[in-house]
Every structure is written in structure tokens, then in C-alpha cells.
Amino acid sequence: MVNGKKELESSWEEILEEVSRHVPPFYFKNFITPLRFRKFEGRDMYVTAPSTTIKSHVEAKYSSFIEAAAYQVKGDAFKLVLITDNEESSSQMKDIIEGRFDGVDSDLNPEYNFDSYVVSDCNRLAYTAAKSISEAPAKYNPLYIFGPVGVGKTHLLHAIGNEILKRDPWKTIRYVNSISFLNEFIFTVRQNNRDSLESFKMRYQSYNVLLFDDIQFLNGGAEKTQEEFFALFNFLYERKRQIVIASDRPSYELPLHDRLKSRFVHGLQADIKEHDIALRIEMFRNYSKLYDIPMSEEILHWLSNHSEGDSRALLGIMNDLILYKKAYSYFVLPEDKIKEIANVRLQTNRKRIGFNADQVIDLLCQKMNIARKDLLGKSRKADYITPRHLCMLILNEVLGLPKAQIGRIFSAQHTTVIHGINKIQEKIATDRNVEDIYQSLKHQISFQ
């Protein structure tokens, strides 16, 4: 029996040695070494962790490494089963968590940087502010960037994070949008575990830079989440950690508590306006080089003069050109062909560009005599359900918004939006009054 126990312990040591080849020493020492092997039972490998904090982190980051190492050593596949021995996290572990976590959870997109950001008068203020922040974090704190959908706010947030990491690789940075933050917080609370909540708080408190996108969706229906964000904001702000917030509206229009909105005026606020023609020209010029579709100055100006809308609309035109060039094996697309292809999309979009999601919501509220808060709320009253589902359908069908984005607007799951759209389509088919309202709204938005 003693020999059997020694053999198991020897196997665990070999597993640890294999894991150490794939996990950085700092994290191996503080997260893997504290684990204690208990037993192999069937295809399960039981291991204990000294705290819920370590258990959660190992499950999220390193369980696959441990299972792979066990396969290398034992020649069989085992599933790691982690349990805690109910010990409190040591002060040393708390210092580690507050100090730094793995940089891989920053969620930064390396393609979004300052070099790839096209600057014009419509976004120069926000660009300059973002560059200043990246060169001297916490000089302006917080930085609040606002502007309509598709003008480059998210790009700037990622660019700030990537530039700071380039200058100071040791800094911990997190990009997160409000919906992800909300879902993460709700999941943590539902664990009904004090260690999990403390781990959530300490992880966010550990960041040197917090890049928070789409804060407008952190609305009045998320009271506890607002309180948590308020506490996090104060914690980071008091310790001179950089906070950057993006929204589709000025801070005073946010559906948040006044005490939270008041924090945003302490730093710097910069708006981004709709793309002007100079910006569109430069964006088309960059796209033409990036996607190898040569364009003369004349065609660049023609496209820019005839195009409206955000960067996604411009990229949509380029995607059409790329597809046509590939499908018909063109080496260089003739200018008349570029105009012809672009016109197809321009004719479809030209009459819709003036409406954004907010304007559609306001128009529908006016048309159906319903308050905005009731349309976007959670009440299941029949008077609110039909307008809410109708709004979801119009945002999806007329404006072309993805269902996931519509879900964020209504603080609802993707599946809820699908259900709502299906229900209203059934109602339109059977209720003449609803069909008339739908056709009227659709016509007004499509052909303003």
C-alpha cells in the first residue's frame, strides 16, 4: 500500500514537471504548486486547492495543461476534478491577484492601433486625447469618448491599450463592454460564494488600465451592477489607474445614477462626429492599399462624395469590390465597374443612413404612444410587448442590426430577440393594424 501511494505521488510529481514546461514560473509557483494530489478514481483525477480563488483560476487557465500532462505521464486521459479544502486565501495570494493576473485576459485586438486609425477633423479631438492617455496614463482621468455607432470609439479604446502595453509590457489592461461586465457579475453573484465575489472584485481592482465600452447599456435595470462599477471606478480612480469609457451619447444623457455620471466630468470628454468627406477619402485610400484594389484620386473622391455613414458602411462597399474582383478574376477593376458595383449598395443604403437605433426607438415610441423606458424595460404588460417586439424587428430588418446587438440595446439575451422577432412576424401576418403600423414605420425609415 505504501509503495502504491509513493507511486501515485511520483506520478503527480512527473505531472507537475510536465506542466512546468508550459506555465510561466511566476504562475506555476503561485497557482500550481499549492495544489495537492488526492487520488485517481476511474477516469477522474482528484486534486485539492487551498482556496476557491486558486481553484477558479486553475480551472479557467490551467486545467487543460494538467490533463495533458497526466496523459503524457499515465498514458490515459483523465479529467481534472478540483475541490477546495475550505482554507481562506492567504494574504500572499491576495497580493498576487491584486498585483497582476495573466495578460491574456486583456481582450485587446492587436489590429486596432493608432497606426491603423484614420484621423480627420471629425475625430481629431478624441484621437489626440487617446494618444495623450497612452503616453501618460492617468494624466486625464477618466477619459470619456462619445459618438454615434461605427465612428471608431472601440478602435481607440483598443489602440490605447495596445500602445500602453507596447510601452509598459508589465501593466495589466482589460477591455470589456458593459454587457460582458454585467453577465460576468451576475454569474459571480449566482455562485452564492463569498470567495467568488471577492475574486471578481480583486481581479478588476488589479488592472492598471480599464477600457470600458458601451456604458450606455449599463442601465437602470442593473442596480447592483451599477453599484459594483461605482465602487470599482472609485477604487481605480483613487489609485491613479487609468479609466477610459466609451458611449454613444454624452455622459449627462446616460441612463445611470447621477452619482456615477458625476464621476465622468472629472477628467476629459471628447466626442467623435459622423465621418466627414476628408475622412472617407482617407479610409477608402487605406482600404484600396490594404485590399489591393487600385483607385485613382478621381474615383476616391467619387466614392467619398456618394457614400455616407460609418466605417462599416464604407467597408461594406469594399467587400463588394473585393468579392467581384475575386469572382471574375480581375487584375485591376475598371473605374466604371467600381462605380457600378458601389451604386448597387449605395442605392440600398442611401435612404436609410439618416436613422440610427436611437432615432428608430424614438420614432416608434412617438408612433405607438409609449414611453422609452417602458419600451426598453422588462415589464411583461401586453401594451409594451408588441411595440418592443416590433422595434426589434425593425432594427434587424430595416437597419440591419445583428440580433446580438439588438439584445444589448434591450438588455436581453440573443434568444429573447429571436423569439420576439418570430412572435411579431406571426402577429403582422394575422393583425391588420399591426401590419399597417409596421409598414408605415418601415417606409418612413427607409425613405425619409
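**View 1. Q242, a buried residue of strand β7.** At 1% relative accessibility, Q242 counts as buried, because buried means under 20% relative accessible area, with exposed over 50% and partly exposed in between (1.4 Å probe, protein chains only). Q242 is found in β7, which covers residues 242-247; helices (H or I, at least four residues) and strands (E, at least two) are DSSP runs, numbered from the N terminus. Leaving aside residues up to four places away in sequence, Q242 touches I133, P137, A138, K139, Y140, N141, P142, L143, N208, V209 and L210, where contact means heavy atoms within 4.5 Å. A note for all views: this is a predicted model, in which local features need pLDDT of at least 70 and side-chain atom pairs count only at pLDDT 80 or more, while totals for chains, interfaces and linings use all residues. Residues are numbered from 1 along each chain as its sequence is written, and side-chain values use heavy atoms, with hydrogens and water left out.

**View 2. The aromatic pair Y204 and Y207.** The structure holds 23 aromatic pairs: rings of Phe, Tyr and Trp (its six-membered ring) pair if their centres lie within 6.5 Å, with planes under 30 degrees apart counted as stacked, over 60 as edge-to-face and the rest as tilted. Y204 and Y207 make an edge-to-face pair, at 5.6 Å centre to centre and 85° between the planes. Both Y204 and Y207 are buried. They belong to one aromatic cluster, along with Y144, F146, F181, F185, F200, F212, F229, F233, Y237 and F264.

**View 3. Charges over rings at Y46 and F235.** The charged end of K39 sits over the ring of Y46, 5.2 Å from its centre. R239 places its charged end over the ring of F235, 3.6 Å from the ring centre. The criterion is NZ of Lys or CZ of Arg within 6 Å of the ring centre and within 35 degrees of the ring normal.

**View 4. Helix α14, residues 311-327.** The 17 residues of α14 should span 24 Å at 1.5 Å a residue, and the end C-alpha atoms are 24 Å apart, which agrees; the expected span is 1.5 Å times one less than the number of residues. Buried along α14 are A313, L314, G316, I317, M318, L321 and K325. After α14 comes S329, with a positive phi near 55°.

**View 5. I394 in the largest nonpolar core.** Of the 30 residues in this core, L375, L390, I394, L395, I409 and F410 touch the most other members. Not counting residues up to four places away in sequence, I394 touches V360, L364, L399, Y438, L441 and I445. Such a core is a set of buried Ala, Val, Leu, Ile, Met, Phe, Trp, Tyr and Cys residues joined through side-chain atoms within 4.5 Å.
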